[in-house]
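Have the sequence and the 3D view open, and try each task before reading its solution.

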Amino acid sequence: EERPARLVVFTFDDGYLDTFTEARGILEGQGWRATVFCCPGLMAADAPRVEERWGAALMSRSQVLELAAAGWEIGGHTISHPNLPAIPLADKREEVVGGKRMLEDLLGSAVRTFAYPRGLHDAESLGLVAEAGFLCAVGTAKGNRHRPEERFCLRRVFVRPDTQGWRLAHRLGWLYDCHHRLRQALGLESV
């Protein structure tokens with residue numbers, strides 16, 4: 001299958017319920033799908049709502065399965081959303097590798113992409129993600145251009161309710177990427 005020169009990939013972290021109830025309808029109405037990064041240890045078996053992190057509801061296993069059946073990609077996001085750099089290597093391994101295995105058991109298919117919880121990572125985390133067999137990973141570094149050596153820490157464009165029109169066009173342009181790479185090089189933003 002031939003791909004266009006520039007792709008836009010929609011991603012949602014944490015598996016919040018509003019991704020299922022709100023974003024799904026909007027995206028599918030345009031014929032689009034997205035990637036949702038989920039923590040299998042935070043999903044309830046088939047509860048319609050799971051109150052977690054900051055009181056926001058998360059999707060249930062059945063809702064995640066429904067998204068996957070509709071063509072959405074389900075990505076890894078650890079088992080329980082820890083701060084990876086702050087935990088011992090054995091715990092990091094269990095969170096990354098164990099989370100991937102749990103999602104693959106749930107989905108019955110390979111989980112190929114990963115998002116670092118809160119965007120936080122260190123060299124050990126990047127190595128474990130590669131070792132676990134993920135093809136790529138995303139953090140929270142801002143940008144829209146990707147280099148091959150950044151495949152385990154891809155950059156993202158953050159879209160909020162006020163990101164429309166010229167703001168969105170700017171965030172998709174080369175100047176946005178240059179601006180944030182410069183800020184990161186100067187230590188004003190995390191990578």
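Both Phe114 and Phe134 are buried, where buried means under 20% relative accessible area, exposed over 50% and partly exposed in between (1.4 Å probe, protein chains only). This is a predicted model, in which local features need pLDDT of at least 70, side-chain atom pairs count only at pLDDT 80 or more, and totals for chains, interfaces and linings use all residues. Residues are numbered from 1 along each chain as its sequence is written, and side-chain values use heavy atoms, with hydrogens and water left out.

**Exercise 1.** Classify the pair formed by the rings of Phe114 and Phe134.

*Step 1.* Recall the rule: rings of Phe, Tyr and Trp (its six-membered ring) pair if their centres lie within 6.5 Å; planes under 30 degrees apart are stacked, over 60 edge-to-face, and the rest tilted. The count by this rule is 4 aromatic pairs.

*Step 2.* For Phe114 and Phe134, the centres are 5.1 Å apart and the planes meet at 50°, so this pair is tilted.

*Step 3.* Now place the partners: Phe114 lies in strand E6 (residues 113–115), and Phe134 in the loop between helix H4 (123–131) and E7, 20 residues apart. Helices (H or I, at least four residues) and strands (E, at least two) are DSSP runs, numbered from the N terminus.

**Exercise 2.** Is Val138 buried or exposed?

*Step 1.* Find Val138 in strand E7 (residues 136–142).

*Step 2.* Its relative accessibility is 10%, so Val138 counts as buried.

*Step 3.* Look for its contacts (heavy atoms within 4.5 Å): leaving aside residues up to four places away in sequence, Val138 touches Phe37, Phe114, Ala115, Tyr116, Leu154 and Arg156.
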